[in-house]
Amino acid sequence: MNREQRQALALAGVFQAATVVDQLARTGQYDSRAWETLIRATLETDPESFEAIYGFELDNLSVGIDTMKQLFDRSPASSEVMRYALSLLLLANKLHKDEAMLDRVGARLSRVQGQAQHFGPTHENVIASLGELYQDTLSTYRYRIVVNGDPSLLSSPMMPERVRAVLLAGIRFALLWRQQGGRRWQLVLMRGRIKRALAELRR
């Protein structure tokens, strides 16, 4: 796997998180495989390889890959998913420059990992802790991600925690994208190369 392909897959993780957030906010439903991949990736802070982050299977990121292809093939100006994805990239950029906040997030994640080992990665206690982590750290920045959807769904039990946990997963993949050399301008100037990299991976 070359660098462009790793960048494309990391970006697919960002779009997968954006898509699942949109699904949760509008319908309360979500793709369970996409969801579990996002949560496991958030908890996997010391992977044995790049592929280990998303569980080695490309299909684990199929929601994000398909969303990217659809958005890149037409104007995304009115898309909530694109807005969430761009916001995640912006927020990750702020976090990348804030060493103190990075340390706080890392320390909290290590505690949540202990919970996940005991209860399992997608247990409600773990999701609640991930949601609280996001709220106590990234939500304190002046720039915040506003999630639009069904107000009754967004206020239902555990829904705020689920949404925040997925946003945290999006930040995890956005940071991974940066680590692989990804930059926001590439979304405008290098869409063709990103699409080609994804197509090569799925051959």
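**Labels and their grounds**

Modeller: The residues lining the largest cavity divide into four nonpolar, two polar and two charged. Keep in mind that this is a predicted model.

Biologist: Which residues make up that lining?

Modeller: The largest cavity is lined by Glu4, Gln7, Ala8, Trp177, Gln186, Met190, Arg193 and Ile194. Helix H1 (3-27) and helix H10 (191-201) each supply at least two residues of this lining, and H1 gives the most, with three residues.

Biologist: What makes this space a cavity, and what makes the other one a pocket?

Modeller: A 1.4 Å probe fits in a cavity but cannot get out, whereas a pocket is an open set of points. About 80 Å³ of space lies in the largest cavity, and the structure holds one cavity of 30 Å³ or more. The largest pocket has a volume of about 330 Å³.

Biologist: What surrounds the largest pocket?

Modeller: The largest pocket has 13 lining residues, with Leu102, Leu109, Arg172, Leu175 and Gln179 nearest its centre. Helix H4 (80-96), helix H5 (99-119) and helix H8 (159-179) each supply at least two of the lining residues. H8 gives the most, with five residues. By class, the lining of the largest pocket has seven nonpolar, five polar and one charged.

Biologist: Why is the pair Arg40 and Glu36 called a salt bridge?

Modeller: The label needs a side-chain nitrogen of Lys or Arg within 4 Å of a carboxyl oxygen of Asp or Glu. The side chains of Arg40 and Glu36 meet at 2.8 Å, N to O, so the pair qualifies as a salt bridge. A search of the whole structure finds six salt bridges.

Biologist: How far apart are Arg40 and Glu36 along helix H2?

Modeller: They are separated by about one helical turn, because they are four residues apart in helix H2.

Biologist: How do you know which residues bring H2 and H6 into contact?

Modeller: Contact requires heavy atoms within 4.5 Å. The axes of helix H2 (residues 32-43) and helix H6 (residues 124-136) come within 12 Å and cross at roughly 65°. Trp35, Ile39, Thr42 and Leu43 of H2 make the contact with Val126, Ile127 and Leu130 of H6. By class, this contact has six nonpolar, one polar and no charged residues.

Biologist: What is the handedness of the crossing of H2 and H6?

Modeller: H2 passes H6 in a left-handed crossing. The term applies if the near helix is turned anticlockwise from the far one by less than a right angle.

Biologist: What makes the phi of Phe56 and the phi of Met158 worth a remark?

Modeller: Most residues other than glycine have a negative phi. Phe56 has a positive phi of about 70° although it is not a glycine. Met158 is also a residue other than glycine, with a positive phi near 75°.

Biologist: Where are Phe56 and Met158 found?

Modeller: Phe56 is in the loop between H2 and helix H3 (62-72), and Met158 lies in the loop between helix H7 (151-154) and H8.

Technical notes. Residues numbered from 1 in each chain as written. Heavy atoms only, no water. Axes fitted to C-alpha atoms, helices over the stretch in contact; angles between N-to-C directions. Nonpolar A, V, L, I, M, F, W, Y, C, P; charged D, E, K, R; others polar. 1 Å grid on protein atoms, 1.4 Å probe; cavity = no way out; pocket = protein on both sides within 12 Å on 5 of 7 lines; lining within 4 Å. Points joined across faces, edges and corners; volume = space filled by probe spheres on them.
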